[in-house]
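Colleague: I would like to learn how to read a model like this one. Could you walk me through a few features?

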Amino acid sequence: ARLGRVSGYSRWKTSLAILGIAAIAAGFAYHVSSHPMDFRVYHYGARGVFDETRPVYGETSGLGWPMHYRYPPLFLLLFAPLAMLPLGPAAGVWVVAKIGTLGWLLVEAWRRGLQPAMTYWIVPFFFITPYIIEEFRYGNAQFFVVALAIAGLWIARSQPALAGAVLGLAISVKVWPLFFLPYLGVRRDWKAVAYTFGFVLVLAVLPSIYFGVQGNIDLIGQWFMQEYQTQLSESEIWFPNQSLRGVLMRYLTVVDYSQVPDSNYAQVNLAALDPSAVRLLWMVLAGGLYAACLVLANRRGH
């Protein structure tokens with residue numbers, strides 16, 4: 001009888017949790033469907049490409065600079081089913097899928113033994129929750145890339161082929177998961193690394209089905225030059241954001257905020273260094289921290 005009561009209580013808690021998650025998902029879907037933000041760039045950009053009214057890349061792609069399209073060609077094909085829907089319903093489906101993915105990540109993390117005492121969750125919870133809420137509201141694709149990277153790293157050793165497919169998809173949408181491959185290399189997970197490279201190559205060729213071989217090569221070249229100029233040239237390295245480079249530029253250089261769509265940024269720079277010098281500082285700091293991470297991973301072995 002006692003076991004029956006415990007089982008019934010557990011089912012009640014599970015049902016309550018499911019209803020709570022469903023209510024949150026519905027609320028987010030309603031809000032985002034009427035206020036899509038970053039998601040609009042993907043939606044309008046994809047529709048413009050498929051009906052041939054907008055270019056894939058350049059300042060007139062997406063919604064225009066600075067909200068122009070900045071993903072590899074593959075993402076357009078992945079996004080095509082949502083581009084067929086009206087903007088509001090598509091944004092709602094997008095955020096509901098994110099909430100479902102977040103729930104799966106938490107359940108899977110718990111199943112894998114990440115079960116610290118509740119007191120250890122409090123500080124991370126308050127730090128990360130505002131950013132998750134903002135990510136869900138803006139509709140950026142970044143959350144799905146993070147989820148793919150986490151899933152790929154979880155199974156890199158036990159299921160290297162599947163891990164390679166998952167990490168390959170993440171890299172094919174957003175380049176930064178590529179930096180996990182040297183990490184897997186120093187951990188001797190060479191099978192996962194090899195499979196990832198293979199899937200990246202296959203996924204890079206896949207858009208040729210729609211754009212043609214030469215068209216796909218041209219688009220990859222346009223995308224590479226656009227991102228290279230954004231990250232390393234003088235064109236947009238000053239643009240305010242929360243990356244290490246963006247924070248360094250904001251505090252160590254004089255930024256002309258009249259060039260930003262929102263010109264209400266305050267001048268908070270503590271120095272007036274040359275942007276190229278700050279860019280070099282950023283690269284040295286990022287490269288040094290990354291190398292230190294690899295050394296630490298190599299020393300810890302398994």
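**Aromatic pairs and helices**

Modeller: The structure holds 24 aromatic pairs, where rings of Phe, Tyr and Trp (its six-membered ring) pair if their centres lie within 6.5 Å, and planes under 30 degrees apart count as stacked, over 60 as edge-to-face and the rest as tilted. This is a predicted model, in which local features need pLDDT of at least 70, side-chain atom pairs count only at pLDDT 80 or more, and totals for chains, interfaces and linings use all residues. Residues are numbered from 1 along each chain as its sequence is written, and side-chain values use heavy atoms, with hydrogens and water left out.

Colleague: How are the rings of Tyr42 and Tyr71 placed?

Modeller: A pair of aromatic rings is described by the distance of the centres and the angle of the planes. For Tyr42 and Tyr71 the centres are 5.3 Å apart and the planes at 90°, so this pair is edge-to-face. Tyr42 belongs to helix H2 and Tyr71 to the loop between H2 and H3, so the pair ties together parts 29 residues apart in sequence. Helices here are DSSP runs (H or I, at least four residues), numbered from the N terminus.

Colleague: Are Tyr42 and Tyr71 buried or exposed?

Modeller: Both Tyr42 and Tyr71 are buried; buried means under 20% relative accessible area, exposed over 50%, and partly exposed in between (1.4 Å probe, protein chains only). Tyr42 and Tyr71 also belong to one aromatic cluster, whose members include Phe39, Phe75 and Trp94.

Colleague: Which residues in H3 and H7 meet?

Modeller: Two packed helices are described by the angle between their axes and the distance between the axes. Helix H3 (residues 73-83) and helix H7 (residues 160-173) pack at about 105°, with axes 8 Å apart. The axes are lines fitted to C-alpha atoms, for helices over the stretch in contact, with angles from 0 to 180 degrees between N-to-C directions. That makes H3 roughly perpendicular to H7, the term for 65 to 115 degrees (under 35 is roughly parallel, over 145 roughly antiparallel, the rest oblique). Leu74, Phe75 and Leu78 in H3 meet Leu169, Ser172 and Val173 in H7, contact meaning heavy atoms within 4.5 Å.

Colleague: What about the backbone at Glu52?

Modeller: Glu52 has a positive phi of about 60° although it is not a glycine. Glu52 sits in the loop between H2 and H3 and counts as exposed, because its relative accessibility is 73%. Pro66 is found in that loop too, and the peptide bond from Trp65 to Pro66 is cis, with omega near 0°.

Definitions and conventions. Helices (H or I, at least four residues) and strands (E, at least two) are DSSP runs, numbered from the N terminus.
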